[in-house]
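Open your viewer, and let's take a short walk through this model together. Each stop gives you something to select and tells you what is there.

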Amino acid sequence: MSAPSIGGVQVARGNGATIRLPRGASLSDFADRIGANPASLVQIMLHLGEMVTATQSVNEETLQLLGAELDYDIQVVSPEEEDRELLEAFDIEFGEDEGDEADLAARPPVVTVMGHVDHGKTRLLDAIRNTNVVSREAGGITQHIGAYQVAAEHEGQERKITFIDTPGHEAFTAMRARGAKSTDIAVLVVAADDGVKPQTIEALNHAQAADVPVVVAVNKIDKEGADPNKVRAQLTEYGLVAEEYGGSTLFVDISAKNGIGIESLLEAILLTADAELDLRANPTMDAQGIAIEAHLDKGRGPVATVLVQRGTLRVGDSIVCGEAFGRVRAMLDDTGEPVDEATPSRPVLVMGLTAVPSAGDNFIVVTDDRMARQIAQQRAARKRSAEMAKSSRRRTLEELFSDLEKGRVDELKLIIKGDVSGSVEALEDALLKIDVGDEVRLRVLHRAVGAITEYDVNLAVADDNAVIIGFNVRPEPRARDLAEREGVDIRYYSVIYQAIEEIEAALKGMLKPEFEEVQMGTAEVREVFKVPKIGNVAGTLVRSGVIVRNSKARVIRDGVVIADNLTVSSLRRFKDDATEVREGFECGIGVGYNDIRIDDVIETFEMREKPRV
Ligand code: GDP
């Protein structure tokens with residue numbers, strides 16, 4: 001199977017040459033790289049059994065298939081790599097401190113609290129925040145912005161520690177999955193009265209996989225039955241050996257409830273940081289970091305809590321954060337106080353972005369607004385084509401034909417937009433749990449925080465039949481117009497269960513009707529007549545039920561179906577046409593089957609739709 005011979009299409013083979021393509025590339029992009037005509041690639045794909053247009057974003061599988069056919073080594077660039085290349089084009093390097101050793105200054109550790117449910121993570125985060133009012137003005141009201149900073153005395157020095165305020169390893173892992181490293185040290189909370197539990201191990205695995213040192217907080221030592229040493233013993237099995245047992249992991253007994261051991265825990269965190277990590281960053285460069293939480297605030301617009309990882313973030317800076325950009329209008333710290341600048345490891349709430357970024361998106365201070373906008377727009381465009389590629393399912397010709405035949409719709413595609421990331425995720429989770437059997441699937445093409453935009457509508461159009469769900473959000477005026485023009489279905493909800501109910505109903509409505517065969521009548525062949533132009537017609541006696549003209553029929557001989565998919569095309573009582581003939585009467589039946597014989601049985605039936613339960 002050499003490419004040039006495929007359907008007579010002439011395309012030069014690659015002889016193993018490597019070509020790099022972004023996710024969501026189209027056949028046109030492919031053609032560009034190899035100097036071929038896109039139409040010929042479309043034709044080759046057709047011969048390979050896939051219908052793809054030249055400009056459509058295709059998935060990696062399709063690119064690989066075409067690459068293999070033409071003998072090219074296809075490398076689909078990962079999202080992180082793609083982004084790095086994009087930033088390089090703007091002369092930006094993300095993740096590196098500028099300058100040399102002399103430019104680096106110590107920065108506070110960033111800590112995530114993990115552990116089994118109910119072991120006291122939330123309580124501990126509250127306790128740490130409350131016992132440490134050192135850096136806070138008296139009476140300051142705490143604001144949950146997703147992270148906070150406390151100060152601790154360590155070897156006579158005041159040191160700061162940053163805590164990520166969302167307990168659990170889910171957020172940590174979600175960010176890591178996106179290539180963002182948010183955490184320096186993990187505090188593993190284990191309740192002394194309950195011991196090591198499945199999620200304790202899970203959390204530990206996540207920390208170890210991320211190469212993050214662990215400090216163990218043995219909590220609830222105030223409780224009766226608390227056995228802190230048992231926790232130490234249990235964790236040795238998982239490679240965490242307490243210092244007092246000759247290992248290197250610090251275990252601290254605490255009671256989050258009574259505020260016992262909190263200072264020691266902070267000290268253990270600093271000791272671990274000093275012993276195992278070199279936490280330094282260049283505070284003088286343009287700031288870089290990651291978004292750890294973001295939402296749409298009714299009064300303030302998009303707000304994002306960012307963690308500065310290097311450099312100093314200042315009010316007035318032009319920043320780009322994921323696909324959002326803007327100029328920092330104001331910053332607040334975790335006490336709700338305005339701040340003018342934020343140095344490494346400091347979390348701040350940033351206002352002034354044009355859109356809501358996602359947790360784990362990186363943020364970068366750039367030279368000016370224009371550059372910020374360009375980067376954001378290019379990222380958005382890439383994401384769009386990647387999403388379209390993801391949603392473009394491979395369709396073979398066979399599938400295409402059988403789909404046409406059956407007229408099937410087997411997937412409800414959704415685009416979910418909501419006011420806060422929590423509700424979007426909750427809604428998505430709930431919807432994906434709806435189960436109406438295997439025949440109909442639900443697929444979420446895109447989910448995000450914020451108003452319904454033209455992008456969402458375009459995505460719905462591109463993937464015909466996608467429905468947009470607005471949870472406490474409305475479309476932008478232009479998106480609304482576009483949706484009307486294109487006939488895109490937008491549904492609004494403010495209560496999750498209502499959304500679930502309606503989508504479930506929609507899914508049920510999409511279920512293909514199931515038909516069952518209902519027998520109507522049988523007739524025994526007594527004679528066979530030859531009728532000019534019509535062919536052989538059977539003279540019959542109706543044995544059961546009723547024979548109705550135009551109903552479906554089959555011919556049975558000696559109990560075996562010898563002809564099926566027939567139709568009662570003519571029905572006569574003596575010389576007259578009849579519409580139906582009942583049991584016990586004689587009639588002439590024509591079913592368009594010539595080889596009909598005496599003693600054959602004609603069975604008629606109809607297909608009835610089965611009601612769904
Ligand atoms: P999470 O699921 O890990 O965030 O656990 P929580 O912080 O919500 O705590 C679970 C329960 O344990 C709550 O009822 C807390 O009040 C309780 N709790 C947490 N820490 C302690 C503690 O040190 N001592 C006691 N007795 N109860 C605690």
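This is a predicted model: local features need pLDDT of at least 70, side-chain atom pairs count only at pLDDT 80 or more; totals for chains, interfaces and linings use all residues.

A polar contact here is a pair of N or O atoms within 3.5 Å.

**Stop 1: the whole chain.** Show the protein chain as a cartoon: its 613 residues, of which 47% are buried, include 15 helices and 32 strands.

**Stop 2: the ligand.** Select the ligand and the 15 residues that surround it; the closest are Asp-118, Lys-121, Thr-122, Arg-123 and Asp-222. Which helix gives the most to this shell? It is α5, residues 121-131, with three residues. Colour the shell by class and you will find seven charged, six polar and two nonpolar residues.

Next, draw some distances:
- From a polar side-chain atom of Thr-122 to an oxygen atom of the ligand, the distance is 2.5 Å.
- Asp-118 takes part through its backbone, with a polar atom 2.7 Å from a ligand oxygen.
- Asp-222 places a polar side-chain atom 2.7 Å from a nitrogen atom of the ligand.

On its own the ligand has 580 Å² of accessible area, and the protein covers 76% of this.

**Stop 3: the nonpolar cores.** Select Leu-313, Leu-414, Leu-431 and Ile-503, the residues that touch the most other members of the largest nonpolar core, which has 37 residues. Centre on Leu-431. Beyond its neighbours within four places in sequence, Leu-431 is in contact with Leu-414, Ile-416, Leu-442, Ile-469, Ala-499, Ile-500 and Ile-503. Another core of 28 residues lies apart from this one, with Phe-163, Ala-256, Ile-262 and Leu-265 among its members.

**Stop 4: two backbone angles.** Most residues other than glycine have a negative phi. Select Asn-15, in the segment before β1 (17-21): this residue is not a glycine, yet its phi is positive, about 50°. Then go to Ser-345, in the loop between β17 (341-342) and β18 (347-353), where phi is near 75°.

Is each of these two residues buried or exposed? Asn-15 counts as exposed, at 66% relative accessibility, whereas Ser-345 is buried, with a relative accessible area of 1%.

Key: Residues are numbered from 1 along each chain as its sequence is written. Side-chain values use heavy atoms; hydrogens and water are left out. A nonpolar core is a set of buried Ala, Val, Leu, Ile, Met, Phe, Trp, Tyr and Cys residues joined through side-chain atoms within 4.5 Å. Buried means under 20% relative accessible area, exposed over 50%, partly exposed in between (1.4 Å probe, protein chains only). Contact means heavy atoms within 4.5 Å. A residue is near a molecule or strand if one of its heavy atoms lies within 4 Å of it. A polar contact is a pair of N or O atoms within 3.5 Å; within protein, one must be able to donate a hydrogen and the other to accept it, and residues adjacent in sequence count only if both atoms are side-chain atoms. Accessible areas come from the Shrake-Rupley method with a 1.4 Å probe; for residues, only the protein chains shown count as cover. Helices (H or I, at least four residues) and strands (E, at least two) are DSSP runs, numbered from the N terminus. Ala, Val, Leu, Ile, Met, Phe, Trp, Tyr, Cys and Pro count as nonpolar, Asp, Glu, Lys and Arg as charged, and the others, Gly among them, as polar.
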